[in-house]
Amino acid sequence: MELSQRHHEYWRKNLVITAVLLSIWFVVTFVEGWYARELNAITFLGFPLGFYMSAQGSLVIYVVIIWIYANYMGKLDKEFDVDEGDLG
Amino acid sequence: MSAFSQKAFNTQLKKTYSWYVGGFLIFLVALAIAEQMGLSKAWIGYVFLFATVALYAGIGIMSRTAEVSEYYVAGRRVPALFNGMATGADWMSAASFIGMAGTLFLSGFDGLAFVMGWTGGYCLVALFLAPYLRKFGQFTIPDFLGARYGGNIIRTIGIIAAITCSFVYVVAQIYGVGLITSRFTGLEFGIGVFVGLGGILVCSMLGGMKAVTWTQVAQYIILIIAYMTPVVWLGIKHTGIPVPQIAYGVTLQKVGELEKKINADPKELEVRKIFKDKADAANASLKDPAKAYADGKTKLEQNVASLKAANAPADQVSAAEKALDAYPKDEAAAKGQWTKEKGLTARAAPVRAHADPYPGKDEAARYTAKLNFLGIVFCMMFGTAALPHILMRYYTTPSVQEARVSVFWSLFFIFLLYFTAPCLAVLAKFDMFTNLVGSSFASLPAWAAAWAKVDPSLLNITDINKDGIVQWAEVVIGGDLIVLATPEIAGLPYVVSGLVAAGGLAAALSTADGLLLTIANALSHDLYYKMIDTNASTARRVTISKALLVVVAITAAWVTSLKPGDILFLVGAAFSLAASAFFPPLVLGVFWKRANKWGAIIGMSTGLAVCLYYMMRTYPFFTNMGVPKMDLWFGLNPISAGVFGLPIGLLTIIIVSMLTPAPDKETQELVEHVRYPNLKPA
């Protein structure tokens, strides 16, 4: 089937949100990990920040990333009329 | 399936599982009362083992099916929330449930690599795989590779890779099943494996994915209740609030202060000095073992002779004779003993700060530790996003959107356990620093006395400096102790210990279920139906899958009984292999239309080969068997082999695809098909 302009637009938006969320994922995983030693000098909620991020902070952000993605894409599907109806 | 019946189905599910949770809680209370009335510990163990295994088998019998779509993908009507719980149980293995908190206890910050890796991987699942695989909507992962890249070669590589990593992983699970049942019921290891296996088989054989899904939901509920109960209790004891996960920062600070106190304590220093002297002496002896052996023997003999000559008291003489008797019989035995004693250097070292990342003696060592931490994070994450038994779960939701939401629930349910584990490690450490250290050997805390007696590999306390007081340097802890002994440390009744054992069993069984099903499906669906007999009737396909399940399970149990190597390495290897083999072709298959058959074939094999090569050349198990050893690349341990395998595999796919013709129109349309949840004609 020939894809319309709208379809290309949908896919482009999908790529953008994927890239944005992936960058956040990268920062809280690898950049945070790289500087964990330095971050530990800061205290957060009674924790050294580097430890807190790896034990809890990054995990919370991962959950939020997926939640944002699922919601955003659900709306995008409807907006670009590629949703699956109310079957789900 | 109409919208109405899916809704009714969801309501029914919620009702059923609410009743189930209520029933389980009543069961716990009844057992607790029975314990107060005098039910013995052994019986509590039996009741938990048989009641839970019978429950899983019961769900299996109720969900029995011979229909293809029910058997392979649970009829594609598992709602997001429930698929999330099932994925959580599928995901969290014996290693997560029992081992994780222990690893964190022993290695502090550096253990967090697994916590991050095993959660962050779900971001990749959500962004790159789950919705697209759901839209594709077949049965297995090799199915996708076969359809996207065409031909049987890529499918075969997929089958081999899926079986390899799942099999390695399932062995680790069955090992966990045997360990738990034997520890909590006193049954033999082999019988424990057999009972557990029986539960797995009844469940997955009768109902395939359908039965496994509903059992895994039940297992998740048990395992999360089991994990949380003792932690909450311990949290109230030490932080005063029932959500210790938020408040343990204060406890962590106290642990830091106690670590400093321990490192400065003269008695601790005395014990560590004894270890250091022993290690140094052993090192010296190992330089010239023949001479050291002869010297040591002569010295003891002379001692006996001189005592006898001087008419020393009888007890002194007999002590000297005993020392001579205990001396190694020959040089080889002495060498073994010295090599062991050399290892005492580790116990002579001061306590490492729990929250301190990447410890090392100099900047270079710290840098290598950092690289290894990030290497493990990398492999665990990409491995998560490539293990077939997890990806397969996202075929079972009713729609693409449900698949996306389902990844959210999956990670949420997994997160509950993984953000608790670091907290448990800190609480347990604090408890031991305050209640165990400094107590007298005559009156150890009850749990310590009990566990030291049961299993010295889990807890060993010896009065090294003979002062009658426990120093931290005198305590050796096996990681598994932390979760297993927490109920007793927290002072809870034995029924909670039984609950924890049941939770560990649920974690191991649920993962084993998912893995065995993946292997059996790869063989029956991908190999037999798609490649050997494409006209096979549906009944025949399901029957073959069921038969294979038994064969695979028995083979896995047999391999487990040989007790192969280090469990953590086995698990790590499975992740590195999966990441190198599957991640590049799956993701490029969706996001890059130009990726073609030969790129995928060569790229996938290269990724796998690089990963295997690195492990074979660097892991002691293989190098001891005669594989020539080579230096580590960038100091990265063999467990992180995927750091090399994945990028090389990915690059190879790109380069080879560019050098060979683009895929045909049909394939390109398939890619478009999976990219849009519902591609309506304009």
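## Report on one residue, chain B and the interface

The model is predicted: local features need pLDDT of at least 70 and side-chain atom pairs count only at pLDDT 80 or more, while totals for chains, interfaces and linings use all residues. Residues are numbered from 1 along each chain as its sequence is written, with chains lettered from A and ligands numbered from 1 in the order in which they are written.

Val177(B) belongs to helix α8 (residues 152-185) of chain B. Helices (H or I, at least four residues) and strands (E, at least two) are DSSP runs numbered from the N terminus. Val177(B) is buried, as 28 other C-beta atoms lie within 10 Å; the cut-off for buried is 20 or more, for exposed 12 or fewer, with partly exposed in between. From Val177(B) to Gly192(B) the C-alpha distance is 6.9 Å, at a sequence separation of 15 residues.

Chain B contains 28 helices and two strands. Its overall values are tabulated below.

| Property of chain B | Value |
|---|---|
| Radius of gyration, C-alpha atoms | 28 Å |
| Box along the principal axes, C-alpha atoms | roughly 105 × 65 × 45 Å |
| Buried share of the 682 residues | 51% |

The radius of gyration agrees with that of a compact globule of 682 residues, which would be near 26 Å; the globule rule is 2.2 Å times the number of residues to the power 0.38. Of the contacts in chain B between residues at least 6 apart in sequence, 82% join residues at least 24 apart.

The contact between the chains takes 43 residues from chain A and 46 residues from chain B. On the side of chain A that touches chain B, α3(A) provides the largest share, 17 residues.

Thr29(A), Phe30(A) and Gly33(A) of α1(A) make the contact with Phe373(B), Leu374(B) and Val377(B) of α16(B).

Methods. Contact = placed C-beta atoms within 7 Å.
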